[in-house]
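Reader: I am new to this structure and would like to learn how its features are read, one after another. Could you show it to me before we begin?

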Amino acid sequence: MDANAHYMKAKARYIKAIKAKAHYVYTHVDPDTDEIVYVGKGTNGRAWAFGSPSVGRRTIRSKEHTEWYHEKEARGLHPGDLVNIVKVFSYSREALAYEKELIGHYDPIFNIQHSSKTIAYNGEA
């Protein structure tokens with residue numbers, strides 16, 4: 001599937017989730033390696049939120065994850081190039097269970113609390 005078709009498919013899932021006020025599981029994918037670097041669950045625009053590592057007390061992304069994003073952004077990529085909506089759910093608990101399953105399967109480098117990989121982001125895990 002080419003990048004544009006992939007993006008359109010992800011966007012369609014997102015729009016479906018928003019209209020249904022649903023929960024979704026998403027991945028952040030490194031376009032250079034096709035590696036899944038993060039798995040999360042969210043509602044609304046959570047999958048596309050990067051910005052600063054934290055807002056108030058709530059951590060949005062780890063420092064390393066944010067640095068990874070800014071490196072991609074500097075190359076002209078945008079959140080839509082990095083995000084894939086994997087599956088949409090009616091209930092948060094279903095999305096949470098699926099998120100945990102995918103984290104266990106992929107062991108993404110930016111899911112720090114779950115990862116057995118060492119993060120010292122310089123483009124390598």
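Reader: Which residues form one aromatic cluster together with Tyr24?

Author: The general idea is that rings of Phe, Tyr and Trp (its six-membered ring) pair if their centres lie within 6.5 Å, with planes under 30 degrees apart counted as stacked, over 60 as edge-to-face and the rest as tilted. In this structure, one aromatic cluster is formed by Tyr24, Tyr26, Tyr38 and Trp48. Please keep in mind that this is a predicted model, in which local features need pLDDT of at least 70 and side-chain atom pairs count only at pLDDT 80 or more, while totals for chains, interfaces and linings use all residues. Residues are numbered from 1 along each chain as its sequence is written, and side-chain values use heavy atoms, with hydrogens and water left out.

Reader: How many aromatic pairs does the structure hold, and why is the pair of Tyr26 and Tyr38 called tilted?

Author: The structure holds five aromatic pairs. The ring centres of Tyr26 and Tyr38 are 6.0 Å apart and their planes stand at 40°, so this pair is tilted. It links distant parts of the chain, since Tyr26 belongs to strand β1 and Tyr38 to strand β2, twelve residues apart. Another tilted pair is that of Phe89 and Tyr98, with 5.6 Å from centre to centre and 50° between the planes.

Reader: Are Tyr26 and Tyr38 buried or exposed, and what is the relative accessibility of Tyr24?

Author: A residue is called buried under 20% relative accessible area, exposed over 50%, and partly exposed in between (1.4 Å probe, protein chains only). Both Tyr26 and Tyr38 are buried, and Tyr24 counts as buried at 0% relative accessibility. Phe89 is buried as well, with a relative accessible area of 12%. Over the protein, buried residues make up 38% of the 125 residues.

Reader: How many helices and strands does the protein have, and in what order do the elements run?

Author: Helices (H or I, at least four residues) and strands (E, at least two) are DSSP runs, numbered from the N terminus. Here there are four helices and five strands, and from the N terminus on they run α-β-β-β-β-α-α-β-α.

Reader: Which strands make up the open sheet, and in what order?

Author: Strands of a sheet pair through backbone hydrogen bonds, either parallel or antiparallel. For the assignment, two strands pair if DSSP finds at least two bridges between them. In this model an open sheet of three strands has the order β2-β1-β5, with antiparallel pairing. Its edge strands are β2 (36–42) and β5 (83–89), each of which pairs on one side only. Six bridges join β1 (residues 23–29) to β2, and within this pairing Tyr24 stands opposite Gly42 in β2. The strands β1 and β2 also form a hairpin with six residues between them, where Asp34 in the turn has a positive phi of about 65°.

Reader: Why is β2 described as largely enclosed?

Author: Six of the seven residues of β2 are buried, so the strand is largely enclosed by the rest of the structure.

Reader: Which residues have the most contacts inside the largest nonpolar core?

Author: A nonpolar core is a set of buried Ala, Val, Leu, Ile, Met, Phe, Trp, Tyr and Cys residues joined through side-chain atoms within 4.5 Å. The largest one here has 14 residues, and those with the most contacts inside it are Tyr26, Ala47, Trp68, Ile85 and Phe110. The elements that give two or more residues to this core are β1, β2, α2 (63–74) and β5. A second, separate core of eight residues includes Val25, Val39, Leu102 and Ile103.

Reader: With which residues is Ala47 in contact, leaving aside its neighbours within four places in sequence?

Author: Contact means heavy atoms within 4.5 Å. With those neighbours left aside, Ala47 is in contact with Tyr24, Tyr26, His28, Arg61, Val83 and Ile85. Parts of the chain that lie apart in sequence can also be compared by their C-alpha atoms, and those of Tyr24 and Leu96, 72 residues apart along the chain, are separated by 9.0 Å.
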